[in-house]
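The entries below follow the order in which I looked things up.

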Amino acid sequence: MRFDEGAGLDTSEVQDMRDGGGGGIGGRVALGGGGLGVVGLVIYFVLSQFGGLPTTGASGGSIPGLDRIGSGQQVSDSSISAECKTGADANKNHDCAIVAIVNSVQDYWAGQFSRSGQTYRKATTNFFDGDVRTACGNATSDVGPFYCPGDSEVYIDLSFFNELTTRFGAQGGLFTEAYVLAHEYGHHVQNLLGTSAKGTGSGPTSGSVRLELQADCYAGVWANHATTTPTESGRPLITEVTQDDISRALDTASRIGDDYIQTKLGGGRVNESQFTHGTSKQREKWFTTGFQTGDPARCDTFGAKSLG
């Protein structure tokens, strides 16, 4: 994955909270935005087997026991604003690469909404370290990346990407990170379109699973258009997405399915009644559907008779 060296970056779409102080350990976050939440899923599956964690729907609910987080987090974007000016910066600086990915994903959806006669409202991505306060409640890094429909913003502790490789054995790589972020922005699209309300319950055909698989599909749609989506300057920000990039995204999808996580990290047995994100094969299928077609209309997981 490479960026156009001369294309400009818009750092206003990212807020860096890592210099602020969350001031505490723990927090409560309503999982209304779906999200990959890999580490959070591990906690969920492990505790749910022992009766320590209730099922939570996509329209509400929170992880208990995380309720003492400090207030007054400070936002400092000076470093990112100073360092991340162009695609050249994104090619050599990881934080700048994340800014570029966010820019590209949002530029695609802004164009798609416009072509459909609708208006896309941009969502900020917030970098945090350890814990964070949101309109959906307080959260720690254990929840993983998530989208909060209450404030229409994405939250991520960038150390999460290390978890994907060290704990889950994913191949990793920058495009894997792009897949994660594009998935979260898929939830923002669902929020804007009013689809998020359908993402309730748990189980293999639940609304929660359908919501997550649709977000995977939306991520694939963006990947299809990544090298042709222009920025405000009229130049595509991303110049190259290779087959290896796509393979790495699919590798990650295969390691964050409900069945894989339950088997490898949740006690060794599969309990379909607790599915909230879909199986590994389903997640691969729907990302591939989006990538191969490039058509958001093909991401209708709620109308699909079979999720694959």
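**Helix packing and the nonpolar core**

I began with α8 and found that the cover over its buried residues includes α5, α6, β8 (238-240), α9 and α10. I note that the model is a predicted one.

I then listed the buried residues of α8: Asp245, Ile246, Ala249, Leu250, Asp251, Thr252, Ala253 and Ser254. I checked the length of α8 as well; its 12 residues reach 16 Å from first C-alpha to last, close to the 16 Å expected at 1.5 Å a residue.

The 14 residues of α10 should span 20 Å at 1.5 Å a residue, and the end C-alpha atoms are 20 Å apart, so the two values agree. After α10 comes glycine 294, and I read a positive phi near 65° for this residue.

I looked up the largest nonpolar core, which holds 61 residues; Phe3, Phe175, Trp222 and Phe287 touch the most other members. Elements giving two or more residues to this core include α4 (94-115), α6 (174-193), α7 (207-225), α8 (243-254) and α10 (280-293). The most comes from α4, with 11 residues.

Leaving out residues up to four places away in sequence, tryptophan 222 touches Met1, Ser104, Val105, Tyr108, Phe175, Ala178, Ala182 and Ile238.

Finally, I noted another core of nine residues lying apart, including Met17, Phe128, Val132 and Cys136.

Note on methods:
Residues numbered from 1 in each chain as written. Predicted model: local features only at pLDDT ≥ 70, side-chain atom pairs only at ≥ 80, totals over all residues. Heavy atoms only, no water. Core = buried A, V, L, I, M, F, W, Y, C linked by side-chain atoms within 4.5 Å. Buried < 20%, exposed > 50% of the residue type's maximum accessible area, 1.4 Å probe, protein only. Helix = DSSP H or I, 4+ residues; strand = E, 2+ residues; numbered from the N terminus. Contact = heavy atoms within 4.5 Å. Expected span 1.5 Å × (residues − 1).
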